[in-house]
Amino acid sequence: MSSLLCNKGSGKIILFGEHFVVYGMPAIVSAVEHAIEATVHPNNSYKLIDNTKKLSNTTPITWAESKQAITAMLTHLNINNPLHITIKSNLALPSGGLGISAASLVAIARAVNNCFFLGLTNEQINEAAYVGEKEHHGTPSGIDNTAATYGGMFVFERGKRKTIGLRNNIDVVLIDSGIRVNTKEVVADVKKLEAALPSSQYKKIFSQAHDALHKYDLKALGELMNENHTLLQQITASSNIIDNIVSIARDAGAWGAKLTGAGRGGLAIALTPGKALQTQVAQTLKNHGLATCATSLGTSVMGR
Ligand code: PMV
């Protein structure tokens with residue numbers, strides 16, 4: 001089905017390059033199976049109904065916290081009609097790191113597009129969601145809205161998307177820290193370190209990771225994920241809780257593990273090729289009381 005006919009936005013994980021991407025460096029991102037679906041109904045007031053399922057006990061998204069982003073996007077689309085907006089998810093959502101705000105904006109833009117017969121293209125949907133994302137955290141790289149709009153796995157650099165063709169899917173475990181991320185705050189803290197960012201080390205990791213994906217060399221990929229996590233620790237994007245999750249995953253046999261997304265809370269990702277290893281790592285993390293989601297990268301619900 002064409003993604004323009006549905007009201008969905010895809011969740012994503014950043015495999016390499018969160019934060020560095022804000023400063024124009026390339027990142028590698030993949031859509032995940034998690035998606036948001038939105039419906040909109042014209043009304044005489046605004047309302048947001050969050051019917052998404054949650055992986056841990058994260059509080060629902062409220063109109064108060066999302067109205068700036070949504071109304072900025074609606075104004076951009078010339079929709080001045082108050083709306084009742086409902087969002088739901090196909091899978092339980094973690095506390096952050098999947099780009100759910102962008103996925104919701106894309107889903108809402110698509111719902112508005114269908115409701116008001118706007119005839120928007122994917123590029124226009126992506127642009128509208130970016131307008132909303134700017135309200136969330138000022139200087140978004142655009143990676144979340146791009147993944148939410150197009151899906152698939154791709155390199156993202158300075159607003160441009162270049163698809164990565166994978167030989168096979170990649171099994172991973174996503175681990176929810178249960179701590180809601182304040183993306184704006186982490187991005188602002190990292191900005192204070194801008195002059196001291198380990199940019200050349202990151203660029204080297206990126207180009208080796210890109211190569212490893214092309215060769216489907218998952219051993220190398222895992223080691224590079226570990227190295228990327230070390231850089232994220234250096235720029236204060238990690239936390240004790242995330243570092244602990246990453247260590248448990250590695251000790252349980254994951255080929256690599258890192259935080260994904262803005263960090264400090266939200267999600268970590270562990271590379272676990274093969275269903276047996278994926279189950280083993282997920283079970284170990286569950287035994288530590290952590291909520292997990294076994295999924296695979298490279299399978300796109302929205303991709304085209
Ligand atoms: O936490 P998420 O999934 O919204 O990811 C944020 C990614 C950052 O690189 C930290 C910010 C950005 O705009 O790219």
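A polar contact is a pair of N or O atoms within 3.5 Å; within protein, one atom must be able to donate a hydrogen and the other to accept it, and residues adjacent in sequence count only if both atoms are side-chain atoms. The structure is a predicted model, in which local features need pLDDT of at least 70 and side-chain atom pairs count only at pLDDT 80 or more, while totals for chains, interfaces and linings use all residues. Residues are numbered from 1 along each chain as its sequence is written, and side-chain values use heavy atoms, with hydrogens and water left out.

Is Ser 238 buried or exposed? Ser 238 counts as buried because its relative accessible area is 11%, where buried means under 20%, exposed over 50% and partly exposed in between (1.4 Å probe, protein chains only). Helix H8 also holds Ile 248, which is buried at a relative accessible area of 10%.

The ligand comes next. Which residues are closest to the ligand? They are Lys 12, His 19, Ser 141, Asp 144 and Ala 262, out of 17 residues that surround the ligand (a residue is near a molecule if one of its heavy atoms lies within 4 Å of it). By class, this shell has seven nonpolar, seven polar and three charged residues. Here Ala, Val, Leu, Ile, Met, Phe, Trp, Tyr, Cys and Pro count as nonpolar, Asp, Glu, Lys and Arg as charged, and the others, Gly among them, as polar. Strand E1 (8-16) and helix H4 (143-150) each supply at least two residues of the shell.

An oxygen atom of the ligand is 2.8 Å from an N or O atom in the side chain of Asp 144. For the backbone, the distance from a ligand oxygen to a polar atom is 3.3 Å at Gly 99 and 3.4 Å at Gly 97. The protein covers 95% of the 380 Å² of accessible area that the ligand has on its own (Shrake-Rupley method, 1.4 Å probe).

Helix H4 is also the place of Asn 145. With a relative accessible area of 3%, Asn 145 is buried, and its side chain makes a polar contact of 2.8 Å with the side chain of Asn 126.

Several loop residues are exposed instead. Ala 195, in the loop between helix H5 (183-191) and helix H6 (199-215), counts as exposed because its relative accessibility is 86%. Its C-alpha atom is separated by 34 Å from that of Lys 67, 128 residues apart along the chain. Asn 78 lies in the loop between helix H1 (63-76) and strand E4 (83-89) and is exposed at 64% relative accessible area. Although Asn 78 is not a glycine, its phi is positive, about 60°. Phe 117, in the loop between helix H2 (100-115) and helix H3 (122-137), is exposed at 75%. Phi of Phe 117 is near 50°, a positive value in a residue other than glycine.

Key:
Helix = DSSP H or I, 4+ residues; strand = E, 2+ residues; numbered from the N terminus.
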